[in-house]
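We will go from stop to stop, with a word on what to look for at each.

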Amino acid sequence: MNEAASKLVCAVCGQLAQGAPERARVVSNVRRLGAEEFEVWRCSACRSIHAAGAVSDAELAAYYQDYPFARGKRSRVTRYLHGRLWRRVARVGISGHAKVLDYGCGAGLLVADLCERGLDAAGYDAYTPAFQRPALLQQRYDVVLAQDVLEHVEDPLALLERLGALCRPGGVLAIGTPDASAIDLARPSRWKHSLHQPFHRHLLASPALLAAGAARGWQLLRYYPRSYANTPVPTLNLPYLLRYLRAVDDTIDVAFDPPAVRLAMFSPAALWDALFGALRCPASDGLAVFRVPEAALPKPPAPPPVSAGG
Ligand SMILES: [Zn+2]
């Protein structure tokens, strides 16, 4: 391998890649980038998966143009799915009027649904003009939620640190992110939606995520290994969704296009998935719910030293 490859360092566990790490090339699951292939590699120490090579902010901004998720609209389905996500978090004991921050809120659909439930919810997103509100990051919250955010940033540990610091003492931090442990890099096309290149920069293996929480003194309250979008309601499960994406052009854009009728969705296997797909959903999207105790919070910055003069 070339010199750059010999210097692969895991952004999660800090280990230098030894020998030839497991690698794969995968096409993007975004229609606009469909012909483009991207390389990913897996840290043999913590099993996290990383996008190979750095991308500049300008390149990333170009990739995010016309990002399909920005086309998401509120609907009965999103309201139902967000209800499932919130119940997973609230199960640890959260007041019905808790102050909640949805960090990386995208188009703000979850925020709107949480407000509708009576929660004091706000959303922050550095990439959505309506939610670029840095003042929100000066406050502390009963609950901080970051769903599908950690995997998008260049420094996931720094983001974890920042999210923990946004919790009030004893507050709850919920991190939902794909689990690299479930992804088989020998079959990259099967996992193109989880790998979601080039947008997912680092996918943590679940043990690495839990270890990162423990290292910060966070108490793990609950861990859900499967997506909240995998439901018992017919057709609302991930295997059925993936089958539907494949029946069109196997891009994530399909999920945001007007619904299409495809013959393949009436096959016996598809109908079985419509009803029972939730039962065969892999443990590929984890949600970790942590308590951030007071002792784990960073101390406020010390006052500047008094100048000795001139
Ligand atoms: Zn690692």
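Leaving aside neighbours within four places in sequence, with which residues is Arg31 in contact? Select Asp249, Thr251 and Asp253 to see them; contact here requires C-beta atoms, placed from the backbone, within 7 Å.

Before moving on, two notes on the model. Residues are numbered from 1 along each chain as its sequence is written. This is a predicted model, in which local features need pLDDT of at least 70 and side-chain atom pairs count only at pLDDT 80 or more, while totals for chains, interfaces and linings use all residues.

**Around Arg31**

Arg31 sits in the loop between strand S1 (22–27) and strand S2 (37–42). Helices (H or I, at least four residues) and strands (E, at least two) are DSSP runs, numbered from the N terminus.

**The open sheet**

Now colour S1, S2, S3 and S8. These four strands form an open, antiparallel sheet in the order S1-S2-S3-S8, where pairing takes at least two DSSP bridges between two strands. S1 and strand S8 (202–203) are at the edges with a single partner strand each, so one side of each has no neighbour in the sheet. Zoom in on Ile49, whose bridge partner in S8 is Leu203.

**Strands S6 and S7**

Next, select strand S7 (residues 167–178), where nine of the twelve residues are buried. Strand S6 (residues 141–147) pairs with S7 in the parallel sense over six bridges. Look for Val143, which stands opposite Val172 in S7.

**The nonpolar cores**

Show Val89 next. Not counting residues up to four places away in sequence, Val89 touches Ile94, Val143, Leu145, Val172, Ala174 and Val289. The largest nonpolar core has 62 residues, and Val89, Val144, Leu173 and Ala174 touch the most other members. Such a core is a set of buried Ala, Val, Leu, Ile, Met, Phe, Trp, Tyr and Cys residues joined through C-beta atoms within 7 Å. A second, separate core of seven residues includes Tyr240, Leu241, Tyr244 and Cys281.

**Two helices**

Finish with helix H2 (residues 76–90) and helix H3 (residues 109–116), which pack at about 75° with axes 10 Å apart. That makes H2 roughly perpendicular to H3, a label for angles of 65 to 115 degrees. Axes are lines fitted to C-alpha atoms over the stretch in contact, with angles running from 0 to 180 degrees between N-to-C directions. Display Thr78, Arg79, His82 and Trp86 of H2 with Leu109, Leu110, Asp113 and Leu114 of H3 to see the contact.

How values were computed
Angles under 35 degrees count as roughly parallel, over 145 as roughly antiparallel, 65 to 115 as roughly perpendicular and the rest as oblique. Two residues are in contact if their C-beta atoms, placed from the backbone, lie within 7 Å. A residue is buried if 20 or more other C-beta atoms lie within 10 Å of its own, exposed if 12 or fewer, and partly exposed in between; C-beta atoms are placed from the backbone.
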